[in-house]
Amino acid sequence: MNVLAVKVLGSGEALPRRIVPTREVAALCGISETEAIDRTGVHTRHWISPDEDPVTLGPLQHNAPSTMQD
């Protein structure tokens, strides 16, 4: 059996800028805001905007300090 060694150099997180309230999602689903919250427990969501993508959400694009050292 071959074993491949890996090393995690860092991790990060990013949230899209657009915050969507449950009322907007509920309207798309044809249910009330209260019913949507009762079913999911979620009050807001972060949705990606047309001008965002996984690359622009990356920590280096937002001037966050890099976790990768030379």
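This is a predicted model: local features need pLDDT of at least 70, side-chain atom pairs count only at pLDDT 80 or more; totals for chains, interfaces and linings use all residues.
Residues are numbered from 1 along each chain as its sequence is written, and side-chain values use heavy atoms, with hydrogens and water left out.

**View 1. Overall layout of the protein.** The protein has two helices and two strands. Their order from the N terminus is β-α-α-β. Helices (H or I, at least four residues) and strands (E, at least two) are DSSP runs, numbered from the N terminus. Of the 70 residues, 17% count as buried. Buried means under 20% relative accessible area, exposed over 50%, and partly exposed in between (1.4 Å probe, protein chains only). Among contacts between residues at least 6 apart in sequence, 50% join residues at least 24 apart. A contact is a pair with heavy atoms within 4.5 Å.

View 2. Helix 1 spans residues 22–29, and its buried residues are Thr 22, Val 25 and Ala 26. They cover an arc of only 100° around the axis, which puts them on the same side of helix 1. The arc is that of the directions from the helix axis to the C-beta atoms. An α-helix has 3.6 residues a turn, so residues three or four places apart point the same way. Strand 1, helix 2 and strand 2 are among the elements that cover the buried residues. On the other side of helix 1, Arg 23, Ala 27 and Leu 28 are exposed. Just after helix 1, Gly 30 takes a positive phi of about 75°.

**View 3. Salt bridge between Arg 17 and Asp 51.** The side chains of Arg 17 and Asp 51 meet at 2.7 Å, N to O. Arg 17 lies in the segment before strand 1 (18–21) and Asp 51 in the segment after strand 2, so the pair ties together parts that are 34 residues apart in sequence. A salt bridge is a side-chain nitrogen of Lys or Arg within 4 Å of a carboxyl oxygen of Asp or Glu. By this rule the count comes to four. Arg 17 is exposed at 53% relative accessible area. Asp 51 is also exposed, at 52%.

**View 4. Salt bridge between Glu 35 and Arg 39 in helix 2.** The closest N and O atoms of this salt bridge are 2.7 Å apart. Both residues lie in helix 2 (residues 33–40), four residues apart, about one turn of the helix. Glu 35 is partly exposed, at 30%. Arg 39 is exposed, at 63%. Elsewhere, salt bridges that share partners join Arg 17, Asp 51 and Glu 52 into one network.

**View 5. Arg 18 and its partner Glu 24.** Arg 18 forms a salt bridge with Glu 24, with the closest N and O atoms 2.7 Å apart. Arg 18 is partly exposed at 34% relative accessibility. Glu 24 is partly exposed at 31%.

**View 6. Surroundings of Ile 48.** Ile 48 lies in the segment after strand 2 (44–47). At 43% relative accessibility, Ile 48 is partly exposed. Leaving aside neighbours within four places in sequence, Ile 48 is in contact with Pro 16, Asp 53, Pro 54 and Leu 57. Ile 48 and Arg 18 are 30 residues apart in sequence and 6.4 Å apart in space, C-alpha to C-alpha.
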